[in-house]
Each structure stands twice: as structure tokens, then as C-alpha cells.
Amino acid sequence: MASTTLTNFASVSGLYGLLPATTSSLAITTEIITGLTVVKTADKEVWVDGPLMYTITVNNAADEAFTNVKITDLLDILAVTLDTDSIMIDGVATTDYTFIAGLLTVNLPDLAASGKAVVTFQVLQV
């Protein structure tokens, strides 16, 4: 995957008593990975009844494989219940997930360069 390292720091200046003072934080670095995107959509904008289907699409538009991929999604268990039989990866039912206290974690197969995976699942109103 293409990556860039972003280095940043903060500084502050002002008067300390009557003396001008300036100080800076330590530099921090963050790695920016390009070519990897995730999009989540719902099949309804207004939900009255029946199931609501979520779709999560992970695109790897980079030159390297994306491995050990896990999707995590926190669901409000006071409002919805997960239909565990509805979880699919690329249209195929999967049992390679956990759902604990509202946190859904789906394990995906490795995504080759220029690959993608589509996860769908349904929730029902409580």
C-alpha cells in the first residue's frame, strides 16, 4: 500500500508574567495509507418496519494486499437486534464473525491489490 508519513507538532506562545514565552510539543507522526477506503450504506433512509440492511464495502485500490482484515461495527442494541443469519461476505453467508455487547466483528479474507469485499447484514427493530 502506498503510504506517507505525516509529522506534526503544536506550539504555543504568549506572555508568562511580563516575559514572552514560546514552547512546543514533541513531534508526532501518523502514517497515512492511500488507496484503502470503506463505505457503509443502509437500504432505507426512513425505516418504518421490516429489516434494515447495511452494506459495508472495503476497496483496496493500492498495489499491495490488505491482510488480516476485520470490520467492526457498533450497533445500538437498545434500538436494534442483529439477524445473525443475514451476515454475508460477497453474497455468501459467513459464520466468521463475533457479536458481543453490540460490537459486530466480521473477519474478511485477504484483499488482493485492486480487490474489494462487500459485507451485508440485517438488523431488526427491538
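Modeller: What follows sets each label against its cut-off, with the reminder that this is a predicted model.

Biologist: Why is the contact between Asp 73 and Lys 40 called a salt bridge?

Modeller: The label requires a side-chain nitrogen of Lys or Arg within 4 Å of a carboxyl oxygen of Asp or Glu. For Asp 73 and Lys 40 the N to O distance is 2.5 Å, so the pair meets the criterion. Asp 73 belongs to strand β7 (residues 70–74) and Lys 40 to strand β5 (residues 36–42), so the bridge ties together parts that are 33 residues apart in sequence.

Biologist: How do you know whether Asp 73 is buried or exposed?

Modeller: Buried means under 20% relative accessible area, and Asp 73 has 8%, so it is buried.

Biologist: How many salt bridges does a search of the whole structure find, and what makes Asp 43 and Lys 44 qualify as one?

Modeller: The search finds 2 salt bridges. The side chains of Asp 43 and Lys 44 meet at 3.5 Å, N to O, and since the limit is 4 Å, this pair is counted as well. Here Asp 43 is partly exposed at 45% relative accessibility, and Lys 44 is partly exposed at 31%.

Biologist: What makes you say that strand β2 lies largely in the open?

Modeller: Strand β2 covers residues 11–16, and of its 6 residues the number buried is 0, so the strand is described as lying largely in the open.

Biologist: Why are β2 and β3 called paired strands?

Modeller: Pairing requires at least two bridges found by DSSP between the strands, and 6 bridges join β2 to strand β3 (residues 19–24), so the two are paired, in the antiparallel sense. Within this pairing Leu 15 stands opposite Pro 20 in β3, and in the hairpin, which has 2 residues between the strands, Gly 17 takes a positive phi near 70°.

Biologist: What makes β7 and β10 edge strands?

Modeller: The open sheet consists of 3 strands in the order β7-β11-β10, with antiparallel pairing. β7 and β10 (97–100) are its edge strands, as each pairs on one side only. Neighbouring strands of this sheet are turned by 10° against each other on average, direction ignored.

Biologist: Why is Thr 120 called buried, while Val 39 is called partly exposed?

Modeller: Thr 120, in strand β12 (residues 115–125), has 16% relative accessibility, and because this is under 20% it counts as buried. Beyond four places in sequence, Thr 120 touches Met 53, Tyr 54, Thr 55, Ser 86, Ile 87 and Met 88. Val 39, in strand β5, has 45%, so it falls between the cut-offs of 20% and 50% and is partly exposed. With the same exclusion of residues up to four places away, Val 39 touches Thr 55, Ile 56 and Thr 57.

Biologist: Which residues touch the most other members of the largest nonpolar core?

Modeller: Of its 19 residues, these are Leu 75, Leu 82, Val 106, Leu 108, Val 119, Phe 121 and Val 123. β6, β8, β11 and β12 each supply at least two residues of this core. Leaving aside neighbours within four places in sequence, Phe 121 is in contact with residues including Leu 52, Ile 56, Leu 75, Leu 82 and Leu 104, and also with Asp 73, the residue that forms the salt bridge with Lys 40.

Methods:
Residues are numbered from 1 along each chain as its sequence is written. This is a predicted model: local features need pLDDT of at least 70, side-chain atom pairs count only at pLDDT 80 or more; totals for chains, interfaces and linings use all residues. Side-chain values use heavy atoms; hydrogens and water are left out. Helices (H or I, at least four residues) and strands (E, at least two) are DSSP runs, numbered from the N terminus. Buried means under 20% relative accessible area, exposed over 50%, partly exposed in between (1.4 Å probe, protein chains only). Axes are lines fitted to C-alpha atoms, for helices over the stretch in contact, and angles run from 0 to 180 degrees between N-to-C directions. Contact means heavy atoms within 4.5 Å. A nonpolar core is a set of buried Ala, Val, Leu, Ile, Met, Phe, Trp, Tyr and Cys residues joined through side-chain atoms within 4.5 Å.
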